[in-house]
Amino acid sequence: AFAEASLKFDAVAAALDGLEKRLPQVIDERLAAARTAFDAGRSSDAQRHFAAVLEVDPQNAMAKAGLARSKVLDSVLRETAAGEQAEQAGDLTAAMAAYRRALGLDPATTVARSRLNQLQARASNEAYTAAVARAQAALARGDHAAAQAAFEQAARLRPGTPEVAEGLQQIRRTTETQALASTLDRAAAAERAEQWAEAVRL
């Protein structure tokens with residue numbers, strides 16, 4: 001009986017030793033299955049695989065993060081889809097709001113972040129183009145204050161662009177020229193007034 005028990009113990013010990021050696025491979029396989037399910041949008045499957053890893057490796061950082069992301073995956077996908085629909089409808093404000101909500105749920109989500117970055121760049125480009133157009137229109141009608149304000153807004157949106165630098169330089173030159181002309185006019189008026197006073201005295 002003792003010999004039989006000893007054999008059983010040895011068999012169990014061998015099995016446990018084999019399982020321990022295979023554990024890293026099992027964890028990798030489970031993590032791979034979890035990532036595949038996550039990328040396919042199967043949140044329940046992803047949660048199950050990540051949870052299985054945590055049962056044997058409670059401190060596994062990848063599984064912890066993956067489980068947390070999987071729990072909000074359905075909501076993230078809904079918000080991302082809402083953003084894409086709003087984009088197709090031409091409502092960029094609503095689209096960006098939806099993508100921000102998705103990122104609020106899962107800051108690591110890549111699709112919403114990529115789309116939001118693209119829309120923000122597009123909005124910035126449109127705002128820059130509009131500011132430059134306003135500046136040029138103001139220059140054409142001689143409203144240098146409005147032109148400068150619009151060029152400065154464009155410079156904040158896209159620093160260092162040649163057309164903005166040239167526009168601001170043109171305003172400075174025009175302003176300086178007008179100031180000089182005004183000074184000369186006042187000087188000429190003063191001179192005429194002085195000559196008139198002298199003629200009266202004669």
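**Terms and the values behind them**

Mentor: Please do, and bear in mind that this is a predicted model. Of the 202 residues in the protein, 26% are buried.

Trainee: Why is S70 called buried?

Mentor: The cut-off for buried is under 20% relative accessible area. S70 has a relative accessible area of 1%, so S70 is buried. This residue has its place in helix 3, residues 61-71. Not counting residues up to four places away in sequence, S70 touches F38, S43, A46, Q47 and F50.

Trainee: What makes A63 count as buried?

Mentor: The relative accessibility of A63 is 0%, and therefore A63 counts as buried. A63 is also found in helix 3. Leaving aside neighbours within four places in sequence, A63 is in contact with L31, F50, V53 and L54. With F50, 13 residues apart from A63 along the chain, the C-alpha separation is 5.0 Å.

Trainee: Why is G167 called buried?

Mentor: G167 has a relative accessible area of 5%, so the term buried applies to G167. G167 lies in helix 8, residues 162-201. The C-alpha atoms of G167 and E152 are separated by 9.8 Å, the two residues being 15 apart along the chain.

Trainee: How do you know that the buried residues of helix 5 line one face of the helix?

Mentor: The buried residues of helix 5 are L92, A95, M96, A98, Y99, A102 and L103. Seen down the axis of helix 5, these buried residues fall within an arc of 160°, so they line one face. On the other side of helix 5, T93 and G104 are exposed. The buried residues of helix 5 are covered by elements that include helix 4 (73-88) and helix 6 (110-140).

Trainee: What makes the reach of helix 5 close to the expected one?

Mentor: Helix 5, residues 92-105, has 14 residues and reaches 20 Å from its first C-alpha to its last. The span expected at 1.5 Å a residue is 20 Å, and the reach of helix 5 is close to that value.

Trainee: How do you know that helix 6 is also close to its expected reach?

Mentor: Helix 6 has 31 residues and reaches 45 Å between its first and last C-alpha, close to the 45 Å expected at 1.5 Å a residue. Among the buried residues of helix 6 are A112, L116, Y128 and L139. After helix 6 comes G142, whose phi is positive, near 80°.

Trainee: Which residues lie nearest the centre of the largest pocket, and how many residues line this pocket?

Mentor: The lining comprises 15 residues, and F38, L73, L77, T109 and V111 lie nearest the centre. The volume of the largest pocket is about 260 Å³. Helix 1 (2-39), helix 4 and helix 6 each supply at least two residues of its lining, with the largest share, six residues, coming from helix 4.

Trainee: How many residues of each class does the lining of the largest pocket have?

Mentor: The lining of the largest pocket has seven nonpolar, four polar and four charged residues.

Key:
Residues numbered from 1 in each chain as written. Predicted model: local features only at pLDDT ≥ 70, side-chain atom pairs only at ≥ 80, totals over all residues. Heavy atoms only, no water. Helix = DSSP H or I, 4+ residues; strand = E, 2+ residues; numbered from the N terminus. Expected span 1.5 Å × (residues − 1). Buried < 20%, exposed > 50% of the residue type's maximum accessible area, 1.4 Å probe, protein only. Arc of directions from axis to C-beta. Contact = heavy atoms within 4.5 Å. 1 Å grid on protein atoms, 1.4 Å probe; cavity = no way out; pocket = protein on both sides within 12 Å on 5 of 7 lines; lining within 4 Å. Points joined across faces, edges and corners; volume = space filled by probe spheres on them. Nonpolar A, V, L, I, M, F, W, Y, C, P; charged D, E, K, R; others polar.
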